[in-house]
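Dear colleague,

I am handing over the structure below, and after it I set out what was found there. Please read the notes with the structure open beside them.

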Amino acid sequence: MSRKHTAALVGNPNSGKSALFNALTGARQKIANYAGVTVERKAGRMTLPSGEPVELLDLPGSYSFDAASPDEAVTRDVVKGTFEGEAVPDVLVLVLDAANLEQHLVFAQEVLELGRPTVVALNMVDLAERDGLTLDPEALSEALGVPVIPTVAVRRRGINELAAAIAEAETHADEEAHRRWHLTLPERRLSAKHMAKGATLSKSTRHTIENGVDRILLNPWLGPVILFGLLFVIFQAVFAWATPFADALEGGVGVLTEGVTGALAPSLFRDFLTEGVLAGVGSVVVFLPQIIILFAFILLMEASGYMARAAFLMDRLMASVGLSGKSFIPLLSSFACAIPGIMATRSIADPKDRLTTILIAPLMTCSARLPVYAVIIAAVIPQTTVGPGIGLQGLVLFALYIAGIVGAIIVALVLRRTVTKGAASGFIMELPRYQLPRIKDLAIGLWQRAWVFLRRAGTIIFVATIALWVLLSFPKAEPGESQLDASFAGSVADAIHPVLEPIGFNREMSLALVPAMAAREVAVSALATTYAVDAEDEDLAAEGVTSQIAALWSLPTALAFLAWFVFAPQCLSTIAVARRETNGWKWPVVMVAYLFALAWLAAGATYWIAVGLGL
Amino acid sequence: MTLDGFDSGRSARIIGVDWASLAEDEAKRLKALGVDEGAEVAIVHRGVFGTRDPIALRLGNMTIAIRRAHAHAISVETA
C-alpha cells in the first residue's frame with residue numbers, strides 16, 4: 001500500500017495515554033491544532049515491526065462520545081470519521097487503565113461499537129498489581145472480541161507487542177463488532193462490570209497508596225500548607241537554580257559578541273550584529289534556564305497526579321471568586337506562559353467560567369516577565385538574606401507573583417459581578433492515581449516547551465529587536481547629540497512619555513515599552529540595545545544592562561517598572577490567542593484596556609508611595 | 001438522605017439523582033464518570049473551610065472530586 005497509514009490512541013483521561021504515546025513515538029512528535037477548533041493535535045511517527053512508518057494520533061482523553069467539552073467532541077468526530085480534513089484512523093488503539101477496568105470499559109464499548117480495527121492496550125498493569133489486582137488479558141480479549149496487549153508504557157513493557165498488534169489489526173476489520181454492542185448507558189455499565197469481573201483473576205483488599213498519601217496531601221489543614229510551601233520552593237528554585245546556567249549562556253553571548261567585534265571591521269553591519277542581534281536576542285535566550293525549571297515543576301506536578309489535588313485544594317478558594325478548581329490548572333500554566341494557559345481553559349465546561357479565566361490569565365506572572373523582573377531585581381534589590389535560605393531577591397520576586405494573584409482575585413470578583421455574571425460554576429474532576437513521573441516523558445515535554453520559547457525568540461523577538469535597533473540607530477545623531485534623542489524611537493518615546501512620566505518612568509523605559517508590545521521580555525533586550533547604543537564608552541556598554549540600571553534608575557522608578565509589568569498586557573501573542581479562543585475582538589479589547597489601566601495605576605501607586613517613603 | 005450529609009468513609013449506595021437540579025454538562029459528566037443510580041460511593045476527603053467544599057468520592061478504583069451542591073442532588077442509602 002502506498003497510502004500513509006494512521007492509527008489513533010483513544011481512551012479515558014488518566015489512562016496513561018500520553019506516556020504510551022511517548023513510548024510508541026519517542027520524541028518524533030508534532031504539536032499543532034485541529035483545523036477550525038482550538039484543540040491540540042498531537043501526532044507522532046511510530047514504526048511497525050516491518051519497518052513501515054505509521055502516523056500515530058494522541059486523541060484527547062474522553063469519558064464518552066456524548067461530549068461534554070470541545071476536546072471530547074474532537075475525539076468523537078475524528079474516531080467516527082466526521083471531522084473535516086482529518087482522515088479516519090486505520091487502527092484505533094484503545095487505552096484502558098488496568099486498575100480502573102470497570103470504569104474504562106464503559107467508554108470502550110462505545111469505541112468498539114464503531115467496528116473499526118481496534119487493539120486494546122491494557123495499560124499500567126504494574127500499578128494494578130501494586131493495588132493487588134491480577135488480570136487475565138485473554139479473558140478480556142475474548143469478551144471484547146479484539147486483541148488485548150498488557151502494557152506498562154513508562155517501562156516500555158508490551159510496546160513491541162502492541163506495535164505488532166497494530167500492524168496485524170490493520171488487515172482485520174471486525175465487521176461484526178457493531179452488531180454485538182448497541183447498549184444503553186446502564187446496560188453498558190452492567191456489561192463493563194461483568195467483563196471487568198471476568199478478567200480479574202484475583203483481587204486483594206489491600207489499600208491503595210492513594211488513600212494514605214491523600215490523607216496527608218488532601219488533609220484540610222496540612223494540604224494547603226504543603227501546596228503553598230511547594231509553590232514557594234518552585235519560585236525560589238526558578239530564581240536560584242537557574243543562575244549558573246544563565247551566567248553560562250550570558251558568557252557565551254559575550255564571547256560571540258567579542259568574536260564578531262574582533263573579526264569584522266567597524267561598520268554598520270557589525271553594529272547590527274553586536275548591538276542589534278546579539279544584544280537583543282542574547283539577553284532573552286539567557287532566561288531559558290528559568291523557563292525550563294518552572295515547566296519542569298509544572299510537568300512533574302501533572303505527571304505525578306498532584307496537579308489535580310492542587311485543583312481540589314484550590315477549589316474552595318477559587319469558588320469564593322466565582323471560579324472552580326478547574327481554573328487552577330490553566331492559571332498555574334499561565335505562570336509559565338499565558339498562551340498554553342489560555343488554551344488549557346478549554347477543559348472548563350462553563351462558558352462564563354472559561355471567559356473569566358481567560359481574562360485573568362495574563363495576570364499570572366508568566367516566564368516572559370521573569371527576564372524583566374530578574375534584571376530589575378538584580379540591579380536594585382541587595383543580595384542579602386532575610387532568614388535561613390530565604391534571599392531578599394527571591395522574596396521580592398515572590399511578592400510580585402503574589403501581586404499578580406491578588407490582582408487576579410480582585411478582577412475575577414469584579415468580572416463575575418458584572419460582565420460574566422451568572423450562576424456559580426461547578427467542579428467535577430477525576431483525581432488520577434499517583435505515579436512516579438518518567439524522566440523521558442518529562443524531557444520530551446520540556447523540549448517541546450523550550451522549543452516554543454526559542455522559536456519565539458528566533459521570530460517575534462528577533463524581528464522586534466531588529467526593528468528597534470533600526471528605530472534607534474537612524475537617523476544618525478549629530479556630533480555632541482545623544483543617539484537616543486536623535487533616533488526615530490526617541491520620537492515615539494517622546495509621544496508616549498507624557499502619559500508615563502507621572503508614574504516615574506524615564507525616557508528609556510517609555511522607549512522599551514514600545515517594542516515590548518511584541519513580547520514582554522523584549523523590554524530587557526530593548527533596554528540593553530538602548531543603553532548599548534547610547535553608551536559613548538565601550539566599557540560601559542559591555543557592563544551589561546543590569547549595572548546600567550543600578551547606576552541610572554532610582555529605586556522608586558525601578559519598583560514602578562516592576563509594578564507595571566505585573567499588569568501590563570505586553571504580549572501580542574496572548575492577545576491573538578485570546579481573540580482566537582473567544583472568537584472575536586470584543587474580549588481581547590476588554591482585556592487589554594483593563595490591564596493597561598491597572599498597570600498605570602499600580603506603577604503610579606508604587607512610585608508615589610516609594611517617593612513618599614523617601615526610598 | 002443526600003450524599004452531602006452522609007458520614008465520611010462509609011459506603012453509600014446511590015438510590016436516585018435529581019438531574020434536573022444540575023447543569024446539563026455537569027449531569028453528563030457525572031453520568032460518564034459512573035455517578036448514577038445503583039453506584040456505590042464513599043466520601044474519602046472533604047475540603048478545607050466552613051462549608052467543607054469540595055468533596056472527594058471513592059467510586060470503584062477512582063477518586064472523583066465534586067462540589068457539595070452536586071452531592072446534595074444525590075440521594076443515598078447505607079450500602
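Which residue in β5(B) does Ile14(B) stand opposite? Ile14(B) faces Val76(B), and the strands concerned, β1 (residues 11-17) of chain B and β5(B), run antiparallel and are joined by five bridges.

Before going further, please note that this is a predicted model, in which local features need pLDDT of at least 70 and side-chain atom pairs count only at pLDDT 80 or more, while totals for chains, interfaces and linings use all residues. Residues are numbered from 1 along each chain as its sequence is written, and chains are lettered from A and ligands numbered from 1 in the order in which they are written.

The sheet draws on both chains: it is an open sheet of six strands in the order β12(A)-β4(B)-β3(B)-β2(B)-β1(B)-β5(B), with antiparallel pairing. Strands here are DSSP runs of E with at least two residues, and helices are runs of H or I with at least four, both numbered from the N terminus; two strands pair if DSSP finds at least two bridges between them. At the edges stand β12 (429-431) of chain A and β5 (74-78) of chain B, each with a single partner strand, so one side of each has no neighbour in the sheet. From one strand to the next the twist averages 45°.

Where the chains meet in this sheet, three bridges join β12(A) to β4(B), the two running antiparallel, and Met429(A) stands opposite Ala65(B). Across β12 of chain A, together with β3 (55-59) and β4 (62-66) of chain B, lies helix α14 (residues 306-320) of chain A, running at about 125° to β12(A). Such angles run from 0 to 180 degrees between N-to-C directions, with axes fitted to C-alpha atoms, for helices over the stretch in contact.

Taking the interface as a whole, 29 residues of chain A are in contact with 29 residues of chain B, contact meaning that C-beta atoms, placed from the backbone, lie within 7 Å. On the side of chain A that touches chain B, α14(A) gives the most, with four residues.

Elsewhere in chain A, the axes of helix α28 (residues 572-582) and helix α29 (residues 586-612) come within 8 Å and cross at roughly 140°. Among the residues that meet there are Ile575(A) and Ala578(A) in α28(A), and Trp587(A) and Met591(A) in α29(A).

With best wishes

Technical notes
Contact = placed C-beta atoms within 7 Å.
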